[in-house]
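Me: I'm new to reading protein structures. Could you walk me through this one, step by step?

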Amino acid sequence: MYAGQRALIATPRNILAWAWERFGERCCVLSSMQDAVVIELALRTSPRFPIVFLNNGYHFGETWDMLHAIERHYRVKVEVVGPLSEPRPGVLPGQCCDEKPALLEMALQHRDAWVTGIRRQQTEHRRTASILETDGRGLVKVNPLVQWSDADHGAFIEAETIIQNPLVGMGYGSVGCEPCTSPSVDSYNNARSGRWAGSQRTECGIHS
């Protein structure tokens with residue numbers, strides 16, 4: 001547990017306010033462009049909160065549509081990092097994710113903290129996630145939504161009319177790279193069941 005965690009009143013807004021007060025623009029929001037929940041909350045905290053997207057070259061067209069919609073709606077410029085190489089035809093599911101850890105390193109090179117949208121209910125791997133963590137680089141990883149249930153998340157999207165990736169309405173409970181993402185096969189129990197379907201993999205390497 002990160003030392004400052006005990007001092008937080010653990011609501012997403014307060015967590016993000018703490019992160020901004022402590023780190024300012026040395027903290028960024030990492031978004032997969034599935035929805036704008038964390039972006040909305042972060043930009044309510046400060047309109048200068050940096051928003052970062054990792055581009056490995058294998059994203060859906062709808063994901064780029066989502067990114068541009070966020071830029072228009074919030075009047076921000078998303079920081080796009082990558083790709084490191086040209087996309088390869090016929091890439092296998094999972095191989096598309098190989099660049100993501102290196103892209104994250106680039107995005108965090110001059111930063112001290114980063115914000116994610118992970119929630120404990122999403123996967124078994126994430127069930128022990130904390131509000132604040134120290135990652136393998138020694139940076140502070142801020143998870144303001146970690147305590148939210150699927151119902152909490154959905155209720156906020158509906159109440160605040162939050163922008164979502166068009167793929168969500170097509171049955172994609174989790175949106176990642178095109179080669180490794182398909183509509184969820186068990187959206188009721190596991191929204192991420194469309195990611196790396198048929199394999200044991202549950203993470204792309206960013207949160208592992």
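Here are a few questions and answers on this predicted model.

Me: How many helices and strands are in the protein?
Reply: Happy to start there! Along the sequence, the pattern reads α-β-α-β-α-β-α-β-β-β-α. Counting up the elements gives 5 helices and 6 strands.

Me: Which strands are the edge strands of the sheet?
Reply: Begin with the order of this open sheet, which is β3-β2-β1-β4-β6-β5, with mixed pairing. An edge strand pairs on one side only.

Me: In β6, what is the bridge partner of Trp 114?
Reply: Strand β4 covers residues 113-115, and strand β6 covers residues 140-142. The two run parallel and are joined by 3 bridges. In one of these strands, β6, the partner of Trp 114 is Lys 141.

Me: What angle does the direction of helix α1 make with that of β6?
Reply: Helix α1 (residues 12-23) packs on the sheet. There, α1 touches β1 (27-30), β4, β5 and β6. Its direction and that of β6 make an angle of about 150 degrees.

Me: What percentage of the residues count as buried?
Reply: A residue counts as buried when its relative accessible area is under 20%. The protein has 208 residues. Of these, the buried share is 51%.

Me: How much of the accessible surface belongs to carbon and sulfur atoms?
Reply: The accessible surface of the protein comes to about 10300 Å². The part that belongs to carbon and sulfur atoms is 49%.

Definitions and conventions
Residues are numbered from 1 along each chain as its sequence is written. This is a predicted model: local features need pLDDT of at least 70, side-chain atom pairs count only at pLDDT 80 or more; totals for chains, interfaces and linings use all residues. Side-chain values use heavy atoms; hydrogens and water are left out. Helices (H or I, at least four residues) and strands (E, at least two) are DSSP runs, numbered from the N terminus. Buried means under 20% relative accessible area, exposed over 50%, partly exposed in between (1.4 Å probe, protein chains only). Accessible areas come from the Shrake-Rupley method with a 1.4 Å probe; for residues, only the protein chains shown count as cover. Two strands pair if DSSP finds at least two bridges between them. Contact means heavy atoms within 4.5 Å. Axes are lines fitted to C-alpha atoms, for helices over the stretch in contact, and angles run from 0 to 180 degrees between N-to-C directions.
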